[in-house]
Amino acid sequence: MRKKSILMSKIPAALGLVALVLTVVLCNVPRVQAALKVDMQEKGTLALRLPEDESSMATDMARITGADGTANGELNVHAWKVADMQDTGKYELSEAFGGLGAESGAWREMGLSEDGWKNLSEAAVALVYELDQEGNPVGEPRIPATYERAIHVGEDGKLAEPETFTGMDLGLYLIMVDRADSPKYTYTFSPVIVSLPWSVHQYDETSQDDAWQYRREAFLKPAQAPRYGSIRIVKTLTEHNVSQGDVTFVFDVVARESAEPDAKIVYSNVVSLTFSGTGTKEAVLEHIPAGAVVTVTEVYSGANCEVTLSDDGSKTVTAEGDPIAFAFENAYDEEAKNGYGVENRFRYDTERNTYQWTTDRQDMAGAGADEAQAGE
């Protein structure tokens, strides 16, 4: 998912409209700034944190895999300086972000509302990246990041390197984290705007605390979406008596959250393959939760056939690479039996998160549909 977007789903198509909205927001909030002068000799320190109320999510992030496929909990963080800080506590847009188009006076003091900060971050991201129709960044950034580095999530679900950025020039920053994948989930992160230095009075004008602070903490805003994989059932018929007609083989597919026998079932379906002669056929089942443990059982071996190879052991579904394969083989066994095959079909309904039975082949062509066949 694809899931919750790194940005809001609707970003103004024209940057000029974004700039106009941003200017209106900034010009209509109270002018607020700390009374003390900013020490321009100081450097800023930014410590990033994960939400403490999302412990299970944070723990899973420790399983995020790197480019080599091993779990390292690595998050790649980028910081762009949107505006420079002046000793008066006012801001001046940096050259790269001059395209935001806000009047310089609107940047002098930051008394932004929650919507104002959101508009600001979205407008900045729209300058840095090309955006798809859903407002998601695509491709490489058009503006090089001012700072960037990798940080790591520990087994306890906490960032192992809290002092993420040190020695930062003073200013207003856009912070973004790259999409990351664990075996079961994909993580995206909302953009964050932070000021270095900052004062309590910037965010709460009723506060009397107007001292500039050069170290700050900022919480990342992750969104979690499940990943999916697929399996491939490969059937080989080595011998066949043509006089017996077509022969159908039926497989029962069950996926559980774990290898425990009483674990929750997260996927259940049946699929059939029909042969009119010897050879190999296969069926692919998709949209199976990654990390699920799948068992495929041949529940009907066709008339006049015997099983010579049965790959009915449990296997774990992965979201990368080729589908997990299950191989089965049958041969003609000379016994005179009567048998037949019929088809039932199931369509995966992404909105209901369930499979719907249907006999309409055309109905199987819908977006997000996974097809399976059931035989008797």
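1. Tyr147, Phe165 and Tyr173 come together in one aromatic cluster, where rings of Phe, Tyr and Trp (its six-membered ring) pair if their centres lie within 6.5 Å. By this rule the protein has six aromatic pairs.

2. The model is predicted, so that local features need pLDDT of at least 70 and side-chain atom pairs count only at pLDDT 80 or more, while totals for chains, interfaces and linings use all residues. Residues are numbered from 1 along each chain as its sequence is written, and side-chain values use heavy atoms, with hydrogens and water left out.

3. The protein has four helices and 24 strands, which are DSSP runs numbered from the N terminus (helices H or I, at least four residues; strands E, at least two). Of its 376 residues, 45% count as buried, that is, under 20% relative accessible area with a 1.4 Å probe and protein chains only.

4. The ring centres of Phe251 and Phe328 are 5.0 Å apart and their planes stand at 50 degrees, so this pair is tilted (planes under 30 degrees apart count as stacked, over 60 as edge-to-face and the rest as tilted). The pair links distant parts of the chain, since Phe251 belongs to strand β15 (residues 247-256) and Phe328 to strand β21 (residues 324-332), 77 residues apart. Phe251 counts as buried at 0% relative accessibility, and Phe328 counts as buried at 2%.

5. The charged end of Lys281 sits over the ring of Phe275, 5.3 Å from its centre, and Lys315 lies over the face of Phe326, at 4.8 Å from the ring centre; the rule asks for NZ of Lys or CZ of Arg within 6 Å of the ring centre and within 35 degrees of the ring normal.

Methods
Buried < 20%, exposed > 50% of the residue type's maximum accessible area, 1.4 Å probe, protein only.
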